[in-house]
Amino acid sequence: MKLKTNFDPQTLWKRLSEVESLQFVAQSFDSGSGWNGTGTGSVAVEAIDPSTLLFQESGRWSPTEGTELQFTNVFRWTSLPDQNLIRSICLNCNKRLKHAGNR
């Protein structure tokens, strides 16, 4: 995914290191997957080295229809200053969905 931003990579990298929470809205449109709803949660940022950040995300997913779920995700962000890029990859997205009542 390419994200256009008005920030230079150094500024964006600094802002990423300061993230504490997340909020998103998802729509699957006509795909039929049913992933329509909203999510909110917290983010713990860990600096692995000067060019690698880990986002440990946890929160609640509230589908338009159905039961609220807890989620956890881990994203690795990598700064590639020589290429003027910042990349991210989800290391375990959606592999540990749980019903909110089953903690």
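1. Two strands pair if DSSP finds at least two bridges between them. In this predicted model, β2 (37–49) and β3 (52–63) are joined by 12 bridges and run antiparallel. β2 and β3 form a hairpin, and 2 residues lie between them.

2. On the β1 side, 6 bridges join β1 to β2, and these strands also run antiparallel. Leu22 has Gly41 of β2 as its bridge partner. Strand β1 covers residues 21–26. β2 therefore has bridges both to β1 and to β3, given that at least two bridges make a pair.

3. The largest nonpolar core has 10 residues. Its members are Trp13, Leu16, Leu22, Val43, Leu53, Phe55, Trp61, Leu69, Phe71 and Trp77. Two or more of these residues come from each of α1 (9–17), β3 and β4. Leu22, a member of this core, is the residue noted above as the partner of Gly41.

4. The structure holds 4 aromatic pairs. In one of them, Phe24 and Phe71 have ring centres 6.1 Å apart and planes at 65°. The pair is edge-to-face because its planes are over 60 degrees apart. Phe24 lies in strand β1 and Phe71 in strand β4, so the contact ties together parts that are 47 residues apart in sequence.

5. Trp35 and Trp61 form another aromatic pair, with 5.8 Å from centre to centre and 55° between the planes. This pair is tilted. Trp35 sits in the loop between β1 and β2, while Trp61 is in strand β3, so the pair ties together parts 26 residues apart in sequence. Trp35 is partly exposed, with a relative accessible area of 40%; Trp61 is buried, with 5%.

6. Which residues make up the aromatic cluster? Phe24, Trp35, Trp61 and Phe71 form one cluster. Trp61 and Phe71 are also members of the nonpolar core described in point 3.

7. Side chains of opposite charge can pair when their charged atoms come close. Glu18 forms a salt bridge with Lys14, and the closest N and O atoms are 2.4 Å apart. Glu18 is partly exposed, at 44% relative accessibility. In the other case, Glu68 forms a salt bridge with Arg60, with the closest N and O atoms 3.3 Å apart. Glu68 counts as partly exposed at 32%, and Arg60 is partly exposed at 27%.

8. Two loop residues are buried. Ser28 is found in the loop between β1 and β2. Its relative accessible area is 12%, so Ser28 counts as buried, the limit being under 20%. Leaving out residues up to four places away in sequence, Ser28 touches Ser33, Gly34, Trp35 and Asn36. Among these is Trp35, the partner of Trp61 in the tilted pair.

9. Asn92 lies in the loop between β5 and β6 (98–99). Asn92 is buried, with a relative accessible area of 13%. A polar atom of the Asn92 side chain lies 2.7 Å from the backbone nitrogen of Val74. Apart from neighbours within four places in sequence, Asn92 is in contact with Thr72, Asn73 and Val74.

10. One backbone value should be noted. Most residues other than glycine have a negative phi. Asn84 has a positive phi of about 60°, although it is not a glycine. Where is Asn84 found? Asn84 is in the loop between β4 (69–80) and β5 (85–90). At 53% relative accessibility, Asn84 counts as exposed because the limit is over 50%.

Methods. Residues are numbered from 1 along each chain as its sequence is written. This is a predicted model: local features need pLDDT of at least 70, side-chain atom pairs count only at pLDDT 80 or more; totals for chains, interfaces and linings use all residues. Side-chain values use heavy atoms; hydrogens and water are left out. Helices (H or I, at least four residues) and strands (E, at least two) are DSSP runs, numbered from the N terminus. Buried means under 20% relative accessible area, exposed over 50%, partly exposed in between (1.4 Å probe, protein chains only). A nonpolar core is a set of buried Ala, Val, Leu, Ile, Met, Phe, Trp, Tyr and Cys residues joined through side-chain atoms within 4.5 Å. Rings of Phe, Tyr and Trp (its six-membered ring) pair if their centres lie within 6.5 Å; planes under 30 degrees apart count as stacked, over 60 as edge-to-face and the rest as tilted. A salt bridge is a side-chain nitrogen of Lys or Arg within 4 Å of a carboxyl oxygen of Asp or Glu. A polar contact is a pair of N or O atoms within 3.5 Å; within protein, one must be able to donate a hydrogen and the other to accept it, and residues adjacent in sequence count only if both atoms are side-chain atoms. Contact means heavy atoms within 4.5 Å.
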